[in-house]
Amino acid sequence: MLLTLQRMGPGRYVLYAITAIAVFYLLLPIVFIPILSFNASRWLEFPPPGWTLRWYEQLFTEEQWIGSIWNSVKVAFLVTASAIVLALPAAFVLVRGKFLGKTALNAFFASPMIVPVVIIAVALYGFALQWGMAGTLFAFVISHLILALPFAIISIGSSLQTFDIAYEKSAMICGASRVQALLHVTLPSIRPGIIAGALFAFLISWDEVVLAIFMATPSLQTLPVKIWVTLRTDLSPVIAAASSLLIGMSVLLLGISALIKRTRK
Amino acid sequence: MNSSTGSGGTLDAGVPQGSQPARSMAANLLSIRNLSKHYGDFRAVDNVSLDVRRGELMTFLGPSGSGKTTTLNMVAGFDTPTAGEILIDNQDISRVIPSRRNIGMVFQRYTLFPHMTVAENVGFPLMVRRVAKPQIAERVTRVLKLIRLESFGDRRPSQLSGGQQQRVALARALIYEPRLLLMDEPLGALDKRLREEIQLEIRRIHHQLDVTIIYVTHDQEEALRLSDRIAVFDNGRIAQIGAARELYDQPANAFVGAFLGNSNFLTGKIATANGGRYQVTLKDGSSIEAPARLALAPEQPVSVMFRPEKAILQSVSETSGFTNRVVGRITENVFLGDSATYEVRTASGELVTVKQPFGPSETKTRTMDEEIAVSWPHDCVHIFPIDR
């Protein structure tokens, strides 16, 4: 290797410093917010004058907070399930299909990643009002699904792309019907892609706020919306506790996926 | 061992034989009739007909793109013929889906299911046929013993070597006792030593189980080693079918002569025909004789073929040799231990290779640039017409 750390001499300490700054910058909110959530002060004060679990107690006892946590969980699970159910056949078509306009369709499925979220939000809001869906669980699910679907399709599609179709052929010549080959050979082989897609879908829905604000009503809010609304009226450290919950869930899921990857090897 | 693993019904296939009538024991298991596969203007397989006898190991030999794999894929059901019929036991199966053909197949690429153990892989064909679990376990043990990997049942395919993986793939293809086993260059990814080892294994299993096998390869040595008969493919057509010896000694055309073994080709034209022999005038002016196997008119340009080991080298002054003789200079001289190979350039600039084995009496080696006579008997000559 031309550029190894040893050969760079003292210049490498500059690299170390830049890396350290980048890590610190990325970690700051993840570390700072949980610290503040144990803050004994009534204000988001730093450094905290003392420690308490009061804000978590409030988070898990106040009906509005609990309700919003529960809504977030419900929406995220429904989004995950629907994203996988829709992404699986879509990925098969996009990877296996041979038809005119396949590339265009591929790009189209990725469009929600490019179109500004606020535009999707406005469009969905218009629809939701017209059909009287605003503030329903269904509205949350279909709006988050728009954002989650491209990620699910891409991760399932890429694992299907690397799956050698000869496995399916040999399953069929062994006597397996198409359905048996799919269930016993193809799906288990692309499971990492399905799991990754599901995690993406869950996490996207779990911390999504823009679409949720448009779809929310005072009686039906997700956790990020509740944080946002609370933030505008008072700066209680309960917000830090709720945010820590969001961060904790995301870190937990990423940890699980890393664990699954490791045990597979 | 033979009695417990033989195909005499001890391992029933586990599939309903469906509409198959009382199984006729005709000599031919598979008959391919006028089979074609066109991709647009390209004829991948062009009007191929052949019969595979019951219990036979037939190889499809040919260069890549000659249509052998496409033909195999149509037999397996992965490709649909443009025209023609594929009959197994006198029934046309060309529209039957692969899973209902009761054919086994081993692929070139390793296709063991990576998320299953060896035993699960081998038991897979029985699992999809809904055979009871204890029975699957018993038959898996038996077939793993057949390929001598009985202690590997709990391993993952990734923990096996390439050769072991292909043996497991073979076991998976054999466990349901298919009426026909297809092998598509199964040893292509293995090194030479391992390849020869598994070739022996395949021969042993073929004899032990009496299973009918079609084996696709581009490796002529592999074809010679394994086959009862060889079908040589060229440009989507069958160039010749026959036992190895037949193809080597009696090639039907220049392609077979060149593809199977080493050959010399000299150009010339027919001078006269008499007494079942042609007189052929070669490019360098010399005249040789050849058996008249084909009816050819005088002046017909021909390609004259003979094998390097059928010719001998002599001093130009010696006259005791065979009927046919050309003179030239040695341009290449390769010592191979048990033999030496010489390349001789004739007056017309054509090259002739002579393989001289070092038997008990032959010990002489020739030197470079020596003027030399190449002599060979007339009955070892094959002539093929060249289109004018």
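Modeller: Helices (H or I, at least four residues) and strands (E, at least two) are DSSP runs, numbered from the N terminus. The model is predicted, so to read it: local features need pLDDT of at least 70, side-chain atom pairs count only at pLDDT 80 or more, and totals for chains, interfaces and linings use all residues. Residues are numbered from 1 along each chain as its sequence is written, with chains lettered from A and ligands numbered from 1 in the order in which they are written.

Biologist: Where does Ile147(B) sit?

Modeller: In the loop between helix 4 (133-146) and helix 5 of chain B.

Biologist: Why is Ile147(B) called buried?

Modeller: Buried takes 20 or more other C-beta atoms within 10 Å of a residue's own, exposed 12 or fewer, partly exposed lies in between, and C-beta atoms are placed from the backbone. Ile147(B) has 22 within 10 Å, so it is buried.

Biologist: What does Ile147(B) touch beyond four places in sequence?

Modeller: Contact needs C-beta atoms, placed from the backbone, within 7 Å. Arg167(B), Leu170(B) and Ala171(B) qualify.

Biologist: What makes a nonpolar core, and which residues of the largest one touch the most other members?

Modeller: A core joins buried Ala, Val, Leu, Ile, Met, Phe, Trp, Tyr and Cys residues through C-beta atoms within 7 Å. The largest has 80 residues; Val143(B), Ala171(B), Leu182(B), Ile214(B) and Val232(B) touch the most other members. Helix 5 (residues 162-174) of chain B gives the most to this core, with six residues. A second, separate core has 42 residues, including Ala139(A) and Phe214(A).

Biologist: Which residues does Val232(B) contact, neighbours within four places aside?

Modeller: Among them are Leu61(B), Ile238(B), Val256(B) and Phe259(B).

Biologist: How do you know that strand 1 and strand 2 of chain B pair?

Modeller: Two strands pair if DSSP finds at least two bridges between them. Strand 1 (residues 28-39) and strand 2 (residues 42-53) of chain B have eight, in the antiparallel sense. Tyr39(B) stands opposite Phe42(B). The two strands form a hairpin with two residues between them, and Gly40(B) in the turn has a positive phi of about 60°.

Biologist: How many bridges join strand 1 to strand 4 of chain B?

Modeller: Five, and strand 4 (residues 83-88) runs antiparallel to strand 1 of chain B. Ser31(B) faces Leu87(B) there.

Biologist: What makes strand 6 and strand 10 of chain B edge strands?

Modeller: The open sheet has six strands in the order 6-7-8-3-9-10 (chain B), with mixed pairing. Strand 6 (103-106) and strand 10 (237-242) of chain B each pair on one side only. Strand 9 (residues 229-234) of chain B meets strand 10 of chain B antiparallel, over five bridges. Ala231(B) has Ile241(B) as its bridge partner.

Biologist: How many residues of chain B contact chain A?

Modeller: 19 residues of chain B are in contact with 15 of chain A. Helix 3 of chain B supplies the largest share of its side, three residues.

Biologist: At what angle do helix 3 and helix 9 of chain A cross?

Modeller: Axes are lines fitted to C-alpha atoms, for helices over the stretch in contact, and angles run from 0 to 180 degrees between N-to-C directions. Helix 3 (residues 63-96) and helix 9 (residues 191-206) of chain A cross at roughly 140°, their axes coming within 8 Å.

Definitions and conventions: Contact = placed C-beta atoms within 7 Å.
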